[in-house]
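Subject: Structure for your review

Dear colleague,

Please find the structure below, together with the sequence.

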Amino acid sequence: MTLLRHIWLPLLLVFLVVAQWQRWLALQLPLNVLLAAGLAAIAFTLGIFFKASRIATAALMTLLLLAGLHYLQWAPSERELRFWLSVGALNVALVSLTRDRSLLSFFGLILAALLAAQVAGIQFMLQECCGDLLATSWSPAVGLPLLDSLFGRLELADLLIISALATAAVAVFWHRDQVSIGLFGAGILVGVAYLGGPGMLLLVVSAIGLLLVLLALRTAYDLAFRDELTGIPSRRAYSRYLLTLGRNFSIAVVDIDHFKKLNDRHGHQVGDQALRMVAARIARYGGGRAFRYGGEEFVIVIRGKDRERAEKALERMREKIAAYPMRIRAVGRPKDGGGKVRKQRGQGGGRKIRATVSVGLAASGPKARTPDQVLEAADKALYRAKRGGRNRVISAA
Ligand SMILES: Nc1nc2c(ncn2[C@@H]2O[C@H](COP(=O)(O)OP(=O)(O)OP(=O)(O)O)[C@@H](O)[C@H]2O)c(=O)[nH]1
(Lines give C-alpha, C1' and ligand atoms only; values in the text may rest on other atoms or scores of the structure.)
Protein backbone atom coordinates (compact mmCIF):
# COMPACT_ATOMS: atom_id res chain seq x y z
CA MET A 1 0.00 0.00 0.00
CA THR A 2 2.82 2.40 0.93
CA LEU A 3 4.46 1.63 -2.39
CA LEU A 4 1.24 2.38 -4.26
CA ARG A 5 1.04 5.88 -2.87
CA HIS A 6 4.51 6.71 -4.21
CA ILE A 7 4.23 5.10 -7.60
CA TRP A 8 0.66 5.62 -8.72
CA LEU A 9 1.46 8.76 -10.69
CA PRO A 10 4.67 7.52 -12.41
CA LEU A 11 2.79 4.29 -13.23
CA LEU A 12 -0.09 6.21 -14.76
CA LEU A 13 2.29 8.36 -16.81
CA VAL A 14 4.23 5.34 -18.05
CA PHE A 15 0.96 3.66 -18.99
CA LEU A 16 -0.18 6.74 -20.93
CA VAL A 17 3.13 7.08 -22.74
CA VAL A 18 3.22 3.40 -23.73
CA ALA A 19 -0.44 3.37 -24.79
CA GLN A 20 -0.37 6.62 -26.74
CA TRP A 21 3.21 6.84 -28.00
CA GLN A 22 2.42 6.12 -31.65
CA ARG A 23 -0.42 8.62 -31.71
CA TRP A 24 1.68 11.34 -30.11
CA LEU A 25 4.40 10.84 -32.68
CA ALA A 26 1.86 11.13 -35.47
CA LEU A 27 0.44 14.36 -34.06
CA GLN A 28 1.70 17.49 -35.74
CA LEU A 29 0.98 20.10 -33.10
CA PRO A 30 1.59 23.78 -33.85
CA LEU A 31 4.49 25.40 -32.03
CA ASN A 32 2.30 27.61 -29.82
CA VAL A 33 0.40 24.58 -28.52
CA LEU A 34 3.68 22.78 -27.84
CA LEU A 35 5.00 25.84 -26.02
CA ALA A 36 1.90 26.09 -23.81
CA ALA A 37 1.96 22.33 -23.11
CA GLY A 38 5.73 22.41 -22.46
CA LEU A 39 5.38 25.21 -19.90
CA ALA A 40 2.54 23.42 -18.12
CA ALA A 41 4.49 20.14 -18.15
CA ILE A 42 7.57 21.84 -16.64
CA ALA A 43 5.41 23.48 -13.95
CA PHE A 44 3.77 20.12 -13.22
CA THR A 45 7.13 18.34 -12.90
CA LEU A 46 8.56 21.07 -10.66
CA GLY A 47 5.39 21.00 -8.57
CA ILE A 48 5.81 17.26 -8.08
CA PHE A 49 9.53 17.61 -7.22
CA PHE A 50 8.98 20.36 -4.67
CA LYS A 51 5.87 18.78 -3.18
CA ALA A 52 3.92 21.87 -4.25
CA SER A 53 0.56 20.19 -4.83
CA ARG A 54 -1.24 23.48 -5.48
CA ILE A 55 1.04 24.37 -8.39
CA ALA A 56 1.08 20.78 -9.70
CA THR A 57 -2.73 20.60 -9.69
CA ALA A 58 -3.10 23.90 -11.55
CA ALA A 59 -0.53 22.72 -14.12
CA LEU A 60 -2.36 19.41 -14.45
CA MET A 61 -5.64 21.23 -15.18
CA THR A 62 -3.87 23.24 -17.88
CA LEU A 63 -2.43 20.07 -19.41
CA LEU A 64 -5.81 18.34 -19.33
CA LEU A 65 -7.43 21.26 -21.12
CA LEU A 66 -4.73 21.24 -23.81
CA ALA A 67 -4.92 17.46 -24.14
CA GLY A 68 -8.70 17.64 -24.55
CA LEU A 69 -8.55 20.37 -27.19
CA HIS A 70 -5.55 19.29 -29.22
CA TYR A 71 -5.19 15.59 -28.62
CA LEU A 72 -8.72 14.28 -28.20
CA GLN A 73 -9.89 16.82 -30.80
CA TRP A 74 -12.63 17.95 -28.48
CA ALA A 75 -14.50 20.83 -30.11
CA PRO A 76 -16.69 22.46 -27.48
CA SER A 77 -19.15 25.23 -28.19
CA GLU A 78 -18.22 28.60 -26.67
CA ARG A 79 -20.72 28.02 -23.89
CA GLU A 80 -19.29 24.56 -23.12
CA LEU A 81 -15.76 25.92 -23.16
CA ARG A 82 -16.73 28.67 -20.69
CA PHE A 83 -18.35 26.08 -18.47
CA TRP A 84 -15.31 23.79 -18.39
CA LEU A 85 -12.96 26.72 -17.86
CA SER A 86 -14.99 27.76 -14.84
CA VAL A 87 -15.08 24.18 -13.50
CA GLY A 88 -11.28 23.97 -13.86
CA ALA A 89 -10.78 27.35 -12.20
CA LEU A 90 -13.04 26.36 -9.30
CA ASN A 91 -11.12 23.12 -8.79
CA VAL A 92 -7.79 24.96 -8.73
CA ALA A 93 -9.22 27.55 -6.32
CA LEU A 94 -10.50 24.81 -3.98
CA VAL A 95 -7.12 23.06 -4.06
CA SER A 96 -5.40 26.38 -3.39
CA LEU A 97 -7.24 26.44 -0.05
CA THR A 98 -5.41 23.26 1.04
CA ARG A 99 -1.83 23.14 2.25
CA ASP A 100 0.96 21.99 -0.02
CA ARG A 101 1.89 18.32 0.07
CA SER A 102 3.14 15.60 -2.21
CA LEU A 103 0.89 14.45 -5.03
CA LEU A 104 2.71 11.11 -4.87
CA SER A 105 0.52 10.18 -1.91
CA PHE A 106 -2.97 9.04 -1.09
CA PHE A 107 -3.98 12.70 -1.16
CA GLY A 108 -2.84 12.84 -4.80
CA LEU A 109 -4.55 9.57 -5.62
CA ILE A 110 -7.84 10.68 -4.08
CA LEU A 111 -7.59 14.07 -5.78
CA ALA A 112 -7.03 12.41 -9.16
CA ALA A 113 -9.94 10.02 -8.56
CA LEU A 114 -12.22 12.91 -7.57
CA LEU A 115 -11.27 14.89 -10.67
CA ALA A 116 -11.83 11.93 -12.96
CA ALA A 117 -15.19 11.18 -11.30
CA GLN A 118 -16.17 14.82 -11.55
CA VAL A 119 -15.36 15.06 -15.27
CA ALA A 120 -17.13 11.76 -16.01
CA GLY A 121 -20.14 12.72 -13.87
CA ILE A 122 -20.58 16.15 -15.40
CA GLN A 123 -20.12 14.82 -18.92
CA PHE A 124 -22.69 12.12 -18.28
CA MET A 125 -25.20 14.62 -16.86
CA LEU A 126 -24.77 17.04 -19.73
CA GLN A 127 -25.27 14.32 -22.32
CA GLU A 128 -27.96 12.23 -20.69
CA CYS A 129 -30.27 14.48 -18.80
CA CYS A 130 -29.39 18.07 -18.26
CA GLY A 131 -27.81 19.45 -21.42
CA ASP A 132 -29.80 22.68 -21.20
CA LEU A 133 -28.45 23.33 -17.70
CA LEU A 134 -25.66 25.42 -19.15
CA ALA A 135 -27.96 27.82 -20.97
CA THR A 136 -30.39 28.30 -18.08
CA SER A 137 -30.41 31.65 -16.32
CA TRP A 138 -29.64 31.08 -12.65
CA SER A 139 -30.21 34.44 -11.13
CA PRO A 140 -33.60 35.13 -9.56
CA ALA A 141 -35.11 38.46 -10.49
CA VAL A 142 -34.75 40.83 -7.53
CA GLY A 143 -37.22 43.33 -8.84
CA LEU A 144 -34.65 46.14 -9.14
CA PRO A 145 -34.22 47.04 -12.85
CA LEU A 146 -30.50 47.91 -12.60
CA LEU A 147 -29.55 44.73 -10.70
CA ASP A 148 -31.79 42.59 -12.84
CA SER A 149 -30.28 43.92 -16.08
CA LEU A 150 -26.76 43.41 -14.66
CA PHE A 151 -27.26 39.95 -13.22
CA GLY A 152 -30.42 38.87 -14.99
CA ARG A 153 -28.69 36.50 -17.40
CA LEU A 154 -26.19 34.80 -15.15
CA GLU A 155 -25.53 31.29 -16.39
CA LEU A 156 -24.14 28.38 -14.41
CA ALA A 157 -20.64 29.02 -15.77
CA ASP A 158 -20.82 32.67 -14.65
CA LEU A 159 -21.69 31.59 -11.13
CA LEU A 160 -18.87 29.04 -11.12
CA ILE A 161 -16.21 31.47 -12.30
CA ILE A 162 -17.33 34.07 -9.77
CA SER A 163 -17.17 31.39 -7.04
CA ALA A 164 -13.73 30.34 -8.28
CA LEU A 165 -12.35 33.88 -8.03
CA ALA A 166 -13.95 34.40 -4.62
CA THR A 167 -12.50 31.09 -3.36
CA ALA A 168 -9.05 31.97 -4.73
CA ALA A 169 -9.29 35.34 -2.95
CA VAL A 170 -10.15 33.56 0.31
CA ALA A 171 -7.08 31.32 -0.22
CA VAL A 172 -4.92 34.45 -0.53
CA PHE A 173 -6.15 35.67 2.87
CA TRP A 174 -5.89 32.17 4.32
CA HIS A 175 -2.33 31.37 3.25
CA ARG A 176 -0.90 34.85 2.67
CA ASP A 177 1.80 33.40 0.45
CA GLN A 178 3.04 33.83 -3.07
CA VAL A 179 1.57 30.59 -4.38
CA SER A 180 -1.99 31.54 -3.45
CA ILE A 181 -1.48 35.05 -4.88
CA GLY A 182 -0.09 33.47 -8.07
CA LEU A 183 -3.03 31.09 -8.31
CA PHE A 184 -5.42 33.99 -7.84
CA GLY A 185 -3.56 35.63 -10.76
CA ALA A 186 -4.06 32.45 -12.78
CA GLY A 187 -7.78 32.65 -11.92
CA ILE A 188 -7.90 36.21 -13.28
CA LEU A 189 -6.21 34.96 -16.48
CA VAL A 190 -8.87 32.26 -16.81
CA GLY A 191 -11.40 35.06 -16.40
CA VAL A 192 -9.75 36.85 -19.35
CA ALA A 193 -10.05 33.72 -21.52
CA TYR A 194 -13.61 33.32 -20.25
CA LEU A 195 -14.59 36.77 -21.45
CA GLY A 196 -12.31 36.84 -24.50
CA GLY A 197 -13.52 33.60 -26.04
CA PRO A 198 -11.65 30.77 -27.79
CA GLY A 199 -9.38 33.18 -29.70
CA MET A 200 -7.69 34.20 -26.46
CA LEU A 201 -7.41 30.70 -25.06
CA LEU A 202 -3.97 29.59 -26.19
CA LEU A 203 -2.34 32.89 -25.26
CA VAL A 204 -3.90 32.76 -21.81
CA VAL A 205 -2.96 29.10 -21.29
CA SER A 206 0.67 29.90 -22.21
CA ALA A 207 0.65 32.84 -19.79
CA ILE A 208 -0.73 30.57 -17.04
CA GLY A 209 1.96 27.95 -17.83
CA LEU A 210 4.67 30.60 -17.55
CA LEU A 211 3.17 31.94 -14.32
CA LEU A 212 3.12 28.43 -12.83
CA VAL A 213 6.74 27.77 -13.85
CA LEU A 214 7.79 31.04 -12.20
CA LEU A 215 5.80 30.17 -9.08
CA ALA A 216 7.47 26.75 -8.91
CA LEU A 217 10.91 28.31 -9.30
CA ARG A 218 10.09 30.85 -6.61
CA THR A 219 8.99 28.00 -4.34
CA ALA A 220 12.33 26.27 -5.02
CA TYR A 221 14.19 29.50 -4.27
CA ASP A 222 12.36 29.91 -0.97
CA LEU A 223 13.07 26.30 -0.02
CA ALA A 224 16.76 26.91 -0.62
CA PHE A 225 17.20 30.45 0.67
CA ARG A 226 14.45 31.31 3.12
CA ASP A 227 14.35 30.34 6.76
CA GLU A 228 11.21 28.30 7.29
CA LEU A 229 10.46 29.39 10.85
CA THR A 230 10.96 33.14 10.59
CA GLY A 231 10.37 33.66 6.87
CA ILE A 232 13.47 35.85 6.48
CA PRO A 233 16.47 34.88 4.28
CA SER A 234 18.57 32.02 5.62
CA ARG A 235 22.28 31.59 6.21
CA ARG A 236 22.69 30.19 2.70
CA ALA A 237 21.17 33.42 1.32
CA TYR A 238 23.66 35.33 3.49
CA SER A 239 26.62 33.53 1.85
CA ARG A 240 25.20 34.40 -1.57
CA TYR A 241 24.54 38.00 -0.62
CA LEU A 242 28.17 38.46 0.44
CA LEU A 243 29.20 37.83 -3.17
CA THR A 244 27.45 41.05 -4.16
CA LEU A 245 29.17 43.28 -1.57
CA GLY A 246 31.60 46.07 -2.43
CA ARG A 247 34.42 47.31 -0.19
CA ASN A 248 32.36 49.35 2.26
CA PHE A 249 29.90 47.52 4.42
CA SER A 250 29.08 46.71 8.03
CA ILE A 251 27.82 43.54 9.63
CA ALA A 252 25.72 43.43 12.78
CA VAL A 253 25.26 40.23 14.76
CA VAL A 254 22.03 40.14 16.75
CA ASP A 255 21.45 37.58 19.51
CA ILE A 256 18.35 37.17 21.67
CA ASP A 257 19.17 37.51 25.37
CA HIS A 258 18.62 34.61 27.75
CA PHE A 259 16.80 32.71 25.06
CA LYS A 260 17.44 29.38 26.72
CA LYS A 261 15.65 30.64 29.83
CA LEU A 262 12.73 31.86 27.72
CA ASN A 263 12.48 28.43 26.11
CA ASP A 264 12.72 26.66 29.45
CA ARG A 265 10.17 28.87 31.14
CA HIS A 266 7.55 29.15 28.40
CA GLY A 267 8.26 26.24 26.06
CA HIS A 268 9.72 25.86 22.60
CA GLN A 269 6.63 27.10 20.79
CA VAL A 270 6.77 30.41 22.61
CA GLY A 271 10.50 30.47 21.84
CA ASP A 272 9.64 30.07 18.16
CA GLN A 273 7.08 32.83 18.45
CA ALA A 274 9.76 35.11 19.93
CA LEU A 275 12.13 34.21 17.09
CA ARG A 276 9.50 35.21 14.55
CA MET A 277 8.74 38.46 16.34
CA VAL A 278 12.43 39.41 16.61
CA ALA A 279 13.14 38.40 12.99
CA ALA A 280 10.30 40.57 11.72
CA ARG A 281 11.60 43.60 13.61
CA ILE A 282 15.19 43.01 12.56
CA ALA A 283 14.12 42.79 8.92
CA ARG A 284 12.01 45.92 9.27
CA TYR A 285 14.17 48.23 11.37
CA GLY A 286 17.71 46.78 11.09
CA GLY A 287 18.80 49.26 8.42
CA GLY A 288 20.16 46.57 6.08
CA ARG A 289 19.54 43.06 4.74
CA ALA A 290 18.67 40.66 7.58
CA PHE A 291 19.36 36.92 7.68
CA ARG A 292 18.80 34.18 10.23
CA TYR A 293 22.31 32.94 10.85
CA GLY A 294 21.34 29.99 13.03
CA GLY A 295 19.53 29.29 16.33
CA GLU A 296 18.70 32.60 18.00
CA GLU A 297 21.35 34.51 16.08
CA PHE A 298 20.74 36.89 13.18
CA VAL A 299 23.05 38.96 11.00
CA ILE A 300 22.35 42.24 9.25
CA VAL A 301 24.49 43.36 6.34
CA ILE A 302 24.52 47.12 5.90
CA ARG A 303 25.98 48.57 2.72
CA GLY A 304 28.02 51.80 2.62
CA LYS A 305 30.24 53.42 5.20
CA ASP A 306 27.83 55.60 7.15
CA ARG A 307 28.52 54.03 10.52
CA GLU A 308 26.54 56.54 12.51
CA ARG A 309 23.41 55.82 10.50
CA ALA A 310 23.91 52.08 10.97
CA GLU A 311 24.29 52.50 14.75
CA LYS A 312 21.15 54.67 14.93
CA ALA A 313 19.09 52.12 12.99
CA LEU A 314 20.31 49.25 15.21
CA GLU A 315 19.60 51.21 18.38
CA ARG A 316 16.07 51.92 17.16
CA MET A 317 15.62 48.27 16.25
CA ARG A 318 16.81 47.17 19.71
CA GLU A 319 14.33 49.56 21.35
CA LYS A 320 11.46 48.37 19.14
CA ILE A 321 12.17 44.74 20.10
CA ALA A 322 12.52 45.49 23.82
CA ALA A 323 9.32 47.55 23.83
CA TYR A 324 7.20 44.96 22.02
CA PRO A 325 4.79 43.19 24.36
CA MET A 326 4.59 39.71 22.89
CA ARG A 327 1.29 38.04 23.63
CA ILE A 328 1.80 34.35 24.26
CA ARG A 329 -0.46 32.66 21.76
CA ALA A 330 0.90 29.14 21.61
CA VAL A 331 0.71 26.80 24.53
CA GLY A 332 4.17 25.61 25.39
CA ARG A 333 5.57 22.46 26.89
CA PRO A 334 8.24 23.91 29.13
CA LYS A 335 10.98 21.79 30.63
CA ASP A 336 11.46 21.60 34.35
CA GLY A 337 14.92 22.01 35.77
CA GLY A 338 15.16 18.25 36.03
CA GLY A 339 14.58 17.85 32.30
CA LYS A 340 11.02 16.55 32.70
CA VAL A 341 8.54 17.81 30.20
CA ARG A 342 5.58 19.32 32.00
CA LYS A 343 2.36 19.96 30.08
CA GLN A 344 0.93 23.42 30.45
CA ARG A 345 -2.24 23.30 28.42
CA GLY A 346 -4.64 26.14 29.05
CA GLN A 347 -1.98 28.35 30.59
CA GLY A 348 -0.06 31.17 29.02
CA GLY A 349 -2.85 32.35 26.69
CA GLY A 350 -3.10 36.13 26.82
CA ARG A 351 0.04 36.67 28.94
CA LYS A 352 2.59 39.10 27.61
CA ILE A 353 6.34 38.74 27.66
CA ARG A 354 9.18 40.82 26.31
CA ALA A 355 12.43 39.77 24.69
CA THR A 356 15.60 41.80 24.35
CA VAL A 357 18.56 41.48 22.00
CA SER A 358 22.27 42.25 22.17
CA VAL A 359 23.98 43.53 19.05
CA GLY A 360 27.61 43.62 17.93
CA LEU A 361 28.48 45.85 14.97
CA ALA A 362 31.67 46.02 12.90
CA ALA A 363 32.55 47.82 9.67
CA SER A 364 34.94 46.87 6.91
CA GLY A 365 38.24 48.74 7.00
CA PRO A 366 42.01 48.27 7.03
CA LYS A 367 41.82 45.80 9.95
CA ALA A 368 38.92 43.74 8.61
CA ARG A 369 38.54 43.58 4.85
CA THR A 370 36.67 40.34 4.14
CA PRO A 371 33.11 39.61 5.32
CA ASP A 372 34.46 36.79 7.52
CA GLN A 373 36.85 39.16 9.28
CA VAL A 374 34.11 41.76 9.75
CA LEU A 375 31.76 39.09 11.09
CA GLU A 376 34.41 37.96 13.56
CA ALA A 377 34.89 41.54 14.76
CA ALA A 378 31.10 41.94 15.11
CA ASP A 379 30.98 38.69 17.09
CA LYS A 380 33.58 40.03 19.51
CA ALA A 381 31.55 43.23 19.90
CA LEU A 382 28.47 41.10 20.59
CA TYR A 383 30.38 39.25 23.29
CA ARG A 384 31.15 42.60 24.91
CA ALA A 385 27.50 43.59 24.69
CA LYS A 386 26.55 40.37 26.51
CA ARG A 387 29.24 40.86 29.15
CA GLY A 388 28.20 44.48 29.58
CA GLY A 389 24.71 43.49 30.71
CA ARG A 390 22.87 42.64 27.40
CA ASN A 391 20.09 44.61 25.68
CA ARG A 392 22.58 46.97 24.03
CA VAL A 393 24.42 47.74 20.78
CA ILE A 394 28.22 47.73 20.87
CA SER A 395 30.39 48.78 17.94
CA ALA A 396 33.82 47.27 17.30
CA ALA A 397 36.57 49.87 17.76
N1 LIG B 1 12.48 27.69 20.30
C2 LIG B 1 13.64 27.60 19.65
N3 LIG B 1 14.78 27.59 20.33
C4 LIG B 1 15.95 27.53 19.66
C5 LIG B 1 15.98 27.45 18.26
N6 LIG B 1 17.28 27.42 17.88
C7 LIG B 1 18.03 27.46 18.99
N8 LIG B 1 17.23 27.55 20.08
C9 LIG B 1 17.59 27.60 21.50
O10 LIG B 1 18.34 28.79 21.74
C11 LIG B 1 19.03 28.61 22.97
C12 LIG B 1 20.35 29.33 22.89
O13 LIG B 1 20.87 29.39 24.18
P14 LIG B 1 22.29 29.98 24.52
O15 LIG B 1 23.20 29.86 23.35
O16 LIG B 1 22.72 29.34 25.79
O17 LIG B 1 22.07 31.50 24.72
P18 LIG B 1 21.07 32.34 25.63
O19 LIG B 1 20.27 31.52 26.53
O20 LIG B 1 20.30 33.23 24.67
O21 LIG B 1 22.02 33.21 26.48
P22 LIG B 1 22.78 34.52 26.09
O23 LIG B 1 23.03 34.49 24.59
O24 LIG B 1 24.07 34.46 26.83
O25 LIG B 1 21.94 35.67 26.49
C26 LIG B 1 19.15 27.11 23.18
O27 LIG B 1 18.39 26.73 24.30
C28 LIG B 1 18.55 26.50 21.92
O29 LIG B 1 17.82 25.32 22.19
C30 LIG B 1 14.74 27.44 17.55
O31 LIG B 1 14.65 27.38 16.31
N32 LIG B 1 13.59 27.51 18.29
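Two strands count as paired if DSSP finds at least two bridges between them. Helices (H or I, at least four residues) and strands (E, at least two) are DSSP runs, numbered from the N terminus. Under these terms, the hairpin of β2 and β3 has two residues between its strands, and G295 there takes a positive phi near 50°.

Two remarks on provenance come next. This is a predicted model, in which local features need pLDDT of at least 70 and side-chain atom pairs count only at pLDDT 80 or more, while totals for chains, interfaces and linings use all residues. Residues are numbered from 1 along each chain as its sequence is written.

Overall composition

The protein has 14 helices and seven strands. Of its 397 residues, 33% are buried; a residue is buried if 20 or more other C-beta atoms lie within 10 Å of its own, exposed if 12 or fewer, and partly exposed in between, with C-beta atoms placed from the backbone. Two residues are in contact if their C-beta atoms, placed from the backbone, lie within 7 Å. Among contacts between residues at least 6 apart in sequence, 68% join residues at least 24 apart.

The sheet

Strands of a sheet pair through backbone hydrogen bonds, either parallel or antiparallel. Here, five strands form an open sheet in the order β2-β3-β1-β6-β7, with mixed pairing. β2 (289-294) and β7 (393-395) stand at the edges with a single partner strand each, so one side of each is left without a neighbour in the sheet. Direction ignored, neighbouring strands of this sheet are turned by 20° against each other on average; axes are lines fitted to C-alpha atoms, for helices over the stretch in contact, and angles run from 0 to 180 degrees between N-to-C directions.

β2 and β3 (residues 297-303) run antiparallel and are joined by five bridges. A290 stands opposite I300 in β3, and F291 has V299 as its bridge partner in that strand. Helix α10 (residues 235-242) lies across β2 and β3, running at about 130° to β2.

β1 is mostly covered, with seven of its eight residues buried. Seven bridges join β1 to β3 in an antiparallel arrangement, and F249 is paired there with R303. β1 also runs antiparallel to β6 (residues 357-363), again through seven bridges; the bridge partner of D255 in β6 is S358.

The nonpolar cores

A nonpolar core is a set of buried Ala, Val, Leu, Ile, Met, Phe, Trp, Tyr and Cys residues joined through C-beta atoms within 7 Å. The largest has 50 residues, and those with the most contacts inside it are A40, A43, I55, A59 and L212. Two or more residues come from each of α2 (31-49), α3 (53-70), α4 (78-97), α7 (156-175), α8 (178-196) and α9 (198-225). The most, ten residues, are given by α4. A second, separate core of 41 residues includes L262, I282, I300 and A385. Leaving aside residues up to four places away in sequence, A59 touches A40, A43, F44, G47 and L212.

The ligand shell

Which residues come nearest to the ligand? Of the 17 residues around it, these are D257, F259, K260, G271 and G295; a residue is near a molecule or strand if its C-beta atom, placed from the backbone, lies within 6 Å of it. The elements that give two or more residues to this shell are β1 (249-256), α11 (259-266) and α12 (268-285). By class, the shell has four nonpolar, five polar and eight charged residues. Ala, Val, Leu, Ile, Met, Phe, Trp, Tyr, Cys and Pro count as nonpolar, Asp, Glu, Lys and Arg as charged, and the others, Gly among them, as polar.

Individual residues

K51 has a positive phi of about 55° although it is not a glycine. K51 sits in the loop between α2 and α3 and counts as partly exposed because it has 16 C-beta neighbours inside 10 Å. R176, also not a glycine, has a positive phi near 50°. R176 lies in the loop between α7 and α8 and is exposed, with 9 other C-beta atoms within 10 Å.

D132 is placed in the loop between α5 (106-128) and α6 (145-151). D132 is exposed because 8 other C-beta atoms lie within 10 Å. D132 and P366 are 234 residues apart in sequence and 81 Å apart in space, C-alpha to C-alpha.

With kind regards
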